[in-house]
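Student: I am new to this structure. Can we go through some of its labels and test each one?

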Amino acid sequence: MRIGELAARAGTTTRTLRYYEARGLLPARRDGNGHRTYDEGDLRLLEQIRTLQDFGFGLEETRPFVECLRAGHPEGDSCPASLVVYRRKLAELDALIGELTAVRETVAGQLRRAERARDELAAEALVPGGPEPGCELGGMTR
């Protein structure tokens, strides 16, 4: 198939395919007229790249998976280099989850503090002569 057909079937652009070719991820085969030619295996490579990118893998991180497919493995993730990338990505995700958990705990603590402060102000407002509750953002009272 030609580049336009491959791009359409893969749901991408010809520009992207040329970029992958320049990066060595997509083979650069030419027919007798100099047109790029591709086959179903190339479509499989593109599907692998796009799936990994959808999962947050960088383009260079897809290289071991592409090479694994090119080596004839039916799945691009069964080679040792692919497994290394999976392990590294899982470690990155675990670190991000840890960071997000810490941020979540901080925000939850801030929310609890703010709710207590609001409740204290509301209780003081109920006392005769107590302060009138207000909203510092809008300058309006409740």
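Student: Why is Glu 21 called buried?
Tutor: This is a predicted model, and in it Glu 21 has a relative accessible area of 16%. Buried means under 20%. So Glu 21 is buried.

Student: What makes the contact of Arg 36 and Glu 21 a salt bridge?
Tutor: The cut-off is within 4 Å, from a side-chain nitrogen of Arg to a carboxyl oxygen of Glu. Here N to O is 2.7 Å. The pair of Arg 36 and Glu 21 is a salt bridge. In general, side chains of opposite charge can pair when their charged atoms come close.

Student: Why does this pair tie together separate parts of the chain?
Tutor: Arg 36 lies in the loop between helix H2 (14–22) and H3, while Glu 21 is in helix H2, so the parts joined are 15 residues apart in sequence.

Student: Is Arg 36 buried or exposed, and how do you know?
Tutor: Its relative accessibility is 19%. Under 20% is buried, so Arg 36 counts as buried.

Student: What about Arg 29 and Asp 39: what makes them a salt bridge?
Tutor: Their closest N and O atoms are 3.7 Å apart. The limit is within 4 Å, so it is a salt bridge. Both Arg 29 and Asp 39 lie in the loop between H2 and H3, ten residues apart in sequence.

Student: Which salt bridge joins Arg 29 and Asp 42, and what N to O value does it have?
Tutor: Their side chains meet at 2.2 Å, N to O. Within 4 Å is what a salt bridge needs. Asp 42 lies in helix H3 and Arg 29 in the loop between H2 and H3, so parts 13 residues apart in sequence are tied together. Asp 42 is at 3% relative accessibility, so it counts as buried.

Student: Which residues do salt bridges that share partners join into one network?
Tutor: Glu 21, Arg 30 and Arg 36. The whole structure has eleven salt bridges.

Student: Now the rings. How many aromatic pairs does a search of the whole structure find?
Tutor: Four. One of them is Phe 57 with Tyr 86.

Student: Why is the pair of Phe 57 and Tyr 86 called edge-to-face?
Tutor: Rings pair if their centres lie within 6.5 Å, and planes over 60 degrees apart are edge-to-face. Here the centres are 6.2 Å apart and the planes are at 75°. So the label edge-to-face applies. Phe 57 sits in the loop between helix H3 (40–54) and helix H4 (63–70), and Tyr 86 in helix H5, 29 residues apart.

Student: Are Phe 57 and Tyr 86 buried or partly exposed?
Tutor: Phe 57 is buried, at 7%. Tyr 86 is at 29%, so it counts as partly exposed.

Student: How do you know that Phe 65 and Tyr 86 are edge-to-face?
Tutor: Their centres are 5.1 Å apart and their planes are at 65°, so the pair is edge-to-face. Phe 65 lies in helix H4 and Tyr 86 in helix H5, so the pair ties together parts 21 residues apart in sequence. Phe 65 counts as buried, at 0% relative accessibility. Ring pairs link Phe 57, Phe 65 and Tyr 86 into a cluster.

Note on methods. Residues numbered from 1 in each chain as written. Predicted model: local features only at pLDDT ≥ 70, side-chain atom pairs only at ≥ 80, totals over all residues. Heavy atoms only, no water. Phe/Tyr/Trp six-rings, centres within 6.5 Å; stacked < 30°, edge-to-face > 60°. Helix = DSSP H or I, 4+ residues; strand = E, 2+ residues; numbered from the N terminus. Buried < 20%, exposed > 50% of the residue type's maximum accessible area, 1.4 Å probe, protein only.
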